[in-house]
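Dear colleague,

I am handing over the structure we spoke about, and below it you will find a short account of what was found. Please read the two side by side.

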Amino acid sequence: MDTRERVHIFDTTLRDGEQAPGCSMHLDEKLRLARKLERLGVDVIEAGFPIASDGDFDAVAAVAHECRSVTVAALCRTSEGDIVRAAEALEGAAHPRIHTFIATSDIHLEFKLGKTRPEVLDAARRAVRIARRYVDEVEFSAEDATRSDVGFLCDVFDAVAEEGATILNVPDTVGYTTPGEYGELIRTVIDRVVAGRPIQVSAHCHNDLGLAVANSLAAASAGARQIECTINGIGERAGNAALEEIVAAMQVRRDRLPFATGIDATQLYAASCLVAEVVGFGVQPNKAIVGRNAFAHEAGIHQHGVLKNPLCYEILTPESVGVPSNAIVLGKHSGRHALALRYAELGYTVASTDLDRIYHRFTALADRKKRIFDQDLISLIAADRDGSSRALVGIRA
Ligand code: KIV
Ligand code: ZN
C-alpha cells in the first residue's frame with residue numbers, strides 16, 4: 001500500500017514561465033503545452049493572467065475549454081476589474097480556480113503599492129470575497145512572503161481564509177530564502193493559520209540563488225501540499241522551481257521525501273522538449289534530469305563502472321524520466337526511419353508528408369555538425385513549422 005502523502009503539482013509554465021524574457025507564447029503554443037501538461041498529470045495548470053492582454057485572456061479561456069481533467073487557474077491582482085476578467089476567462093472550465101495576489105512585504109508596500117498594512121489586508125480580504133462569488137476554489141498569494149513580517153503575513157492569510165480562500169501560497173518571489181528558513185515559515189503558517197482547517201499551503205519558489213527546488217522540497221517536508229513550478233524551470237530572472245527536478249527527487253529519495261504526485265515521470269523529457277521547442281531555447285547541457293549530459297558518462301572510470309552496473313554512477317535510469325536510450329546515434333548517414341523513430345521517442349508524430357522536408361533539413365545540418373542532439377531535432381521541427389532556418393540557442397556541435 002502506498003502510504004505517501006499526496007503533493008499537488010501546480011504548473012505555472014504558461015504564466016510565470018511565460019514571463020521569462022523571450023518566452024512569450026501564442027495561443028496555439030499554449031494549447032499544445034496545456035495538453036501535454038494534462039497528459040503529464042499535473043493537478044493545476046495556471047494558464048495566464050487574463051487582465052494582462054487579450055491574448056492571455058483567450059489562452060486561459062481556450063485551456064479552460066479544452067483541459068477538463070485538471071484545475072485551470074487564472075491569475076489576477078486584487079482589484080475588482082482583474083478578478084472579473086479572470087472569472088470571465090474561466091467561464092465553462094470544468095475545475096476553475098481564481099488565483100489572486102497582493103504583496104505583503106514592507107518594501108513592496110512602500111515602494112510598489114503605496115499602501116499601508118491595513119489597506120493591503122482589506123484589499124486581500126475583499127478580493128477573495130469577490131472571487132468567491134464566481135468560483136468555489138480561490139487561491140491567495142502573498143507576494144514577497146519570504147521578506148514579509150511573519151505576524152502580518154499570518155494576519156493576511158487568516159483574513160483571506162475567513163473569506164473562503166482554501167489555498168494559501170507563500171511565494172519566495174525574489175528567490176531569497178533558504179531551505180531551513182522556508183520550512184520554518186511554512187510550519188508557522190500551518191500552525192498559526194491553518195490550525196486544522198481544510199486549507200492547503202502552497203510553495204512558490206524562484207531560483208535567484210539556485211535554491212528553488214531545495215526550498216520547494218523543504219516546504220513539502222514542512223507540510224506544504226501544493227508546489228508551484230515550471231517545466232525546465234523557466235520563469236522570471238533565474239526562473240522558477242523545475243517541475244522535473246522536484247518529481248525526480250521525490251521518486252529517487254522516497255525515503256526522505258515520502259510524497260506522491262500524479263505525474264507520469266516517463267513524460268518528463270517529452271514535456272521538456274516541447275517547452276524548449278515553444279520558447280526557442282533548450283536547457284543547459286548539464287541541467288539535472290533533462291539536460292543532454294544528464295545521463296552521459298565521459299570519464300573512463302565512470303564508463304567502466306556504468307557498463308558493469310549503471311547504479312555505480314546513475315541514481316535513476318534515463319527511461320524512468322522518458323529520456324530515450326541513445327542506442328541509435330543520429331548523424332549524416334542516418335535514414336528517414338531512424339529519424340522518425342527518434343521523433344516518436346521524443347513524443348512527436350511526424351506526418352510522412354512532412355518527414356521528407358524535415359529529413360532534408362536534417363541531412364543539411366548533419367553535414368555541418370558531428371553529432372545531432374535531441375534539441376537540434378526539435379529545432380528542425382520548429383524551423384520547418386515556421387519555414388525558417390532558425391536554430392535553438394546554445395546548441396553546438
Ligand atoms: O513570484 C510570485 O510572487 C508570483 C505570484 C504572483 C504568485 O508569481
Ligand atoms: Zn513567481
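The domain assignment divides the protein into domain 1, residues 5-279, and domain 2, residues 296-394; please keep in mind throughout that this is a predicted model. The centres of the two domains, taken over C-alpha atoms, are 33 Å apart, and the contact between them draws on 14 residues from domain 1 and 18 residues from domain 2.

Together, domain 1 and domain 2 bury about 1200 Å² between them, with 59% of that area on carbon and sulfur atoms. On the side of domain 1, Val252, Tyr269 and Glu277 supply 46% of the area buried against domain 2, which is more than any other three residues. As for polar links across this interface, the rule finds 0 salt bridges, while 3 residue pairs are counted in polar contact. The elements of domain 1 that give two or more residues to the side touching domain 2 are α2 (27-40), α10 (243-252) and α11 (268-279), and of these α11 gives the most, with 7 residues.

Because Asp16 lies in helix α1 (residues 13-17) and His206 in the loop between β8 (200-205) and α9 (212-222), the pair ties together parts that are 190 residues apart in sequence. Both Asp16 and His206 are buried.

With best regards

Conventions. Residues are numbered from 1 along each chain as its sequence is written. Chains are lettered from A and ligands numbered from 1 in the order in which they are written. This is a predicted model: local features need pLDDT of at least 70, side-chain atom pairs count only at pLDDT 80 or more; totals for chains, interfaces and linings use all residues. Side-chain values use heavy atoms; hydrogens and water are left out. Helices (H or I, at least four residues) and strands (E, at least two) are DSSP runs, numbered from the N terminus. Buried means under 20% relative accessible area, exposed over 50%, partly exposed in between (1.4 Å probe, protein chains only). Domain bounds come from an automatic or database domain assignment. Contact means heavy atoms within 4.5 Å. Buried area is the accessible area (1.4 Å probe) that two parts lose on being put together, summed over both. A salt bridge is a side-chain nitrogen of Lys or Arg within 4 Å of a carboxyl oxygen of Asp or Glu. A polar contact is a pair of N or O atoms within 3.5 Å; within protein, one must be able to donate a hydrogen and the other to accept it, and residues adjacent in sequence count only if both atoms are side-chain atoms.
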